[in-house]
Amino acid sequence: MKDDLYQRAGVEDLAEFYRTKFVSDEVLDARYFRALDRFDMRFARTIWVYDNVRAGSVVLDLGCGAGMLALLKRKGVVLAGVDLSPECALASRRNGYDVGLAAELTRLPFKDASFDYVVSLDVLGHVPFEEKDAVLREVRRVLRPAGVTLHGIECTDRRAQKSYEEMTAEELRRFVSVDGHVGLEEEQEHAERFRRFFQCVAWEPRYALCLSSEEFVKQRDEYGLPFETDFVEYLRGLSHSERRAFDMAMGYVFGKISDLHVRLPKSGLYVLVKASDAPLGPFYNEHRDRSALFTNETTEASSEDTTRAFCLDRAAEFDEGWYEPNVLPPVARWMKGRGRLRFHSSALSALRLDLTTHMPDLQTSPLGLELSLNGQRLSALSLFRHGWLELIIEVPDEMANAGGDYELEIRADRTWQPRPEDTENRDDRELSISVCNIEAFV
Amino acid sequence: MAELEVENTLREIRERVLADAGRRAPTVAAASVRGMPPGLAPGADESAGGAGEALARMDANLSTTGRAWSRLPPLLSYRRGRAARLELWLKRQVKRATHWFTWEQVNFNSAAHHALGDARSALAAHEHALERLQSELAASLVASLRDLRAEAEEDRSRVSELHARLARAEAHFDAGAAQLRETLAAGIERLVEEQRALAAALREGLREEQRAQIHARAAELRSEMHDRVDGLLEEQRVCFKQLSLETGEAAVMHDRARRQIEARLEELEKKAVTSEK
């Protein structure tokens with residue numbers, strides 16, 4: 001059946017197929033996570049897991065992809081990931097997983113009873129029907145006796161969607177090529193399957209109300225879900241910042257539905273499943289402690305440290321003038337026209353940073369930059385060539401005595417949009433410079 | 001008097017009937033040959049004689065109607081004596097009583113006579129126009145035929161002249177082609193020689209030029225490579241710097257953790273010592 005469906009859909013190399021679908025340059029490293037992103041619809045499922053996992057436990061991420069559960073490292077868990085694609089396993093390690101292995105989900109390379117939690121997000125819908133039981137059997141094997149398994153699973157609505165047997169070859173090829181879904185079942189069917197392996201199973205249909213703007217468009221375009229045409233067209237026309245605002249609002253509502261334990265109707269889209277042989281705690285927020293999201297371990301020099309400088313890339317608080325980090329390489333943040341970062345240091349003698357830009361007309365029109373510290377102008381320069389520029393700025397004594405709290409502001413005199421008209425891979429962010437390795441010298 | 005007029009009228013009618021019968025016989029025969037009704041036979045209308053005869057007949061009829069349209073039959077009686085008088089008296093009474101009808105008949109006769117006269121005039125005018133057009137057409141046909149014959153004669157003479165020129169041109173072309181072949185062969189031979197000489201002369205020069213181009217391209221590639229390596233090294237520097245910073249962070253975190261553990265151990269040791277005491 002597995003070969004049949006994938007082969008009928010024209011997918012020859014599964015690992016390569018999933019590598020192209022799910023490996024990205026996205027920085028999911030927990031050290032780069034901003035507390036505000038807990039409301040982002042993109043992290044909604046991750047936050048559900050985060051709030052259900054005990055701090056300091058051992059967690060296995062099945063089908064880890066690029067490492068969507070890397071945020072769990074903020075809770076001090078030992079995090080292992082398994083994926084069919086070696087590139088995905090590598091990407092998960094890059095994003096902070098303690099272990100990242102390429103393996104079949106039906107033959108997990110771990111001893112029995114190794115994990116407190118076995119988690120998967122968007123995985124079981126990709127597992128063919130005849131392998132699902134084998135996967136759950138492996139989950140049960142590697143799970144400790146009182147361990148809990150948490151899953152976010154894509155579903156189908158048999159009344160609205162054709163079954164695989166009813167699809168023509170072309171329909172099947174198109175359907176599978178979107179995401180690789182070869183094992184979609186209805187919500188209650190997933191729950192029934194878990195009941196065959198675990199004594200306690202709880203499940204909640206989700207995504208009936210809240211979807212990201214990108215998901216609305218995708219579900220409409222690729223799967224033919226009947227969302228209102230004018231609404232989808234409106235979403236399609238949103239800019240990057242508008243889409244982000246929409247996704248934040250959706251993520252906020254998603255979280256509130258969990259907090260209030262509002263039972264949503266079946267939507268045929270997604271189900272959250274929680275199962276264990278031990279009695280289950282609350283479905284949502286069983287181990288909710290988000291304090292670690294607001295504090296990040298910093299290496300700020302203290303009287304007892306011997307370091308002369310500390311890095312602000314992961315320690316400073318970046319405002320809305322910065323986009324999320326990208327792997328260029330290295331890991332760097334793109335700035336809008338103006339960006340601020342706040343940090344604390346007992347002393348400050350100099351700042352050092354690496355910056356670059358991909359602005360196309362740089363040679364004919366240099367990019368003007370101005371740096372200010374606590375509102376006072378620190379330096380101004382013009383970028384007239386591409387490539388990384390190492391910038392070291394001495395901080396005058398009179399500016400350094402600010403009581404330990406600093407705000408570094410960088411202003412660029414213009415921005416550009418990388419691919420505003422690209423229908424396939426649109427990027428209409430307003431970018432100026434990319435910055436990394438920001439060091440504060442004490 | 002009256003008897004004389006009646007006789008004249010009857011005679012005219014007889015003559016006209018005889019003339020009609022005599023003319024109609026050949027026309028009917030011609031139409032029958034073509035398998036068409038007599039009135040529709042094209043030959044009947046086309047003959048000028050037919051139209052002339054029709055007009056002559058119309059003239060004869062018009063002379064009759066012109067003479068008799070206002071004439072009324074006389075009051076006659078073949079009786080004698082009192083009976084004749086009585087009959088004539090009665091007829092006069094009847095004539096008087098039907099005077100209105102007689103007057104209408106006279107009016108009709110007048111209108112028919114004059115209408116036929118007008119139609120005859122129009123037909124005569126058309127006949128004359130037709131005759132004139134026929135004569136003009138015949139004249140123009142004759143002239144056209146004469147012109148065509150003249151043109152055909154002229155074309156014949158031109159064709160024979162062209163044949164002669166073509167023969168002359170072919171002979172000239174053959175001679176020219178032979179000459180051109182000879183010239184080309186000589187030219188190619190000369191060019192080959194020149195090319196050989198030129199190639200020999202340029203060989204040395206080209207080597208120098210190519211060498212210069214290759215050097216320039218190599219320098220360009222070196223420069224591009226140098227730029228790319230510089231960019232790569234710069235990127236590598238930034239990445240290494242990032243790794244160094246992360247390693248430094250990890251070292252600091254490790255050191256802090258170590259110190260915390262050591263402090264915790266010392267604390268535990270102190271507690272253990274205290275508890276032992």
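The contact between the two chains takes 14 residues from chain A and 12 residues from chain B, where two residues are in contact if their C-beta atoms, placed from the backbone, lie within 7 Å. On the side of chain A that touches chain B, the largest share, 3 residues, comes from strand β18 (residues 434-441) of chain A. That side divides into 6 nonpolar, 4 polar and 4 charged residues. Here Ala, Val, Leu, Ile, Met, Phe, Trp, Tyr, Cys and Pro count as nonpolar, Asp, Glu, Lys and Arg as charged, and the others, Gly among them, as polar.

This is a predicted model, in which local features need pLDDT of at least 70 and side-chain atom pairs count only at pLDDT 80 or more, while totals for chains, interfaces and linings use all residues. Residues are numbered from 1 along each chain as its sequence is written, and chains are lettered from A and ligands numbered from 1 in the order in which they are written.

**The two chains**

- Chain A has 12 helices and 18 strands; helices (H or I, at least four residues) and strands (E, at least two) are DSSP runs, numbered from the N terminus.
- Chain B has 5 helices and 0 strands, and its elements run α-α-α-α-α from the N terminus on.
- Of the 442 residues in chain A, 39% are buried, whereas 1% of the 277 residues of chain B count as buried.
- A residue is buried if 20 or more other C-beta atoms lie within 10 Å of its own, exposed if 12 or fewer, and partly exposed in between.
- In chain A, 72% of the contacts between residues at least 6 apart in sequence join residues at least 24 apart.
- In chain B, residues 24 or more positions apart account for 54% of the contacts with a separation of 6 or more.

**The sheet of 7 strands in chain A**

- This open sheet has the strand order β3-β2-β1-β4-β5-β7-β6 with mixed pairing; two strands pair if DSSP finds at least two bridges between them.
- The edges are β3 (99-102) and β6 (200-206) of chain A, each with a single partner strand, so one side of each has no neighbour in the sheet.
- On average, neighbouring strands of the sheet are turned by 15 degrees against each other, direction ignored.
- Strand β1 (residues 58-62) of chain A pairs with strand β4 (residues 115-121) of chain A in the parallel sense over 4 bridges, and D61(A) stands opposite V119(A) in β4(A).
- Helix α5 (residues 129-142) of chain A lies across β1, β4 and β5 (143-154) of chain A and runs at about 145 degrees to β5(A).
- Helix α7 (residues 187-195) of chain A lies across β5, β6 and β7 (270-276) of chain A and runs at about 165 degrees to β6(A).
- Axes are lines fitted to C-alpha atoms, for helices over the stretch in contact, and angles run from 0 to 180 degrees between N-to-C directions.

**The sheet of 5 strands in chain A**

- A further open sheet has the order β9-β12-β17-β14-β15 with antiparallel pairing.
- Its edge strands, β9 (317-318) and β15 (376-383) of chain A, each pair on one side only.
- Strand β12 (residues 338-344) of chain A is joined by 7 bridges to strand β17 (residues 405-412) of chain A, and the two run antiparallel.
- Across this pair, F343(A) has Y406(A) as its bridge partner, and G339(A) stands opposite I410(A).
- Strand β14 (residues 367-373) of chain A also runs antiparallel to β17(A), through 5 bridges, with L373(A) opposite L408(A).

**Helices α8 and α9 of chain A**

- Helix α8 (residues 213-223) of chain A packs on helix α9 (residues 229-236) of chain A at an angle of about 130 degrees, with the axes 9 Å apart.
- That angle makes α8(A) oblique to α9(A), since angles under 35 degrees count as roughly parallel, over 145 as roughly antiparallel, 65 to 115 as roughly perpendicular and the rest as oblique.
- S213(A), F216(A), V217(A) and R220(A) in α8(A) meet V232(A), L235(A) and R236(A) in α9(A).
- By class, this contact has 4 nonpolar, 1 polar and 2 charged residues.

**L211(A)**

- L211(A) lies in the loop between β6 and α8 of chain A.
- L211(A) counts as buried because it has 24 C-beta neighbours inside 10 Å.
- Not counting residues up to four places away in sequence, L211(A) touches F216(A), Q219(A) and M250(A).
- The C-alpha atoms of L211(A) and D247(A) are separated by 7.7 Å, although the two residues are 36 residues apart along the chain.
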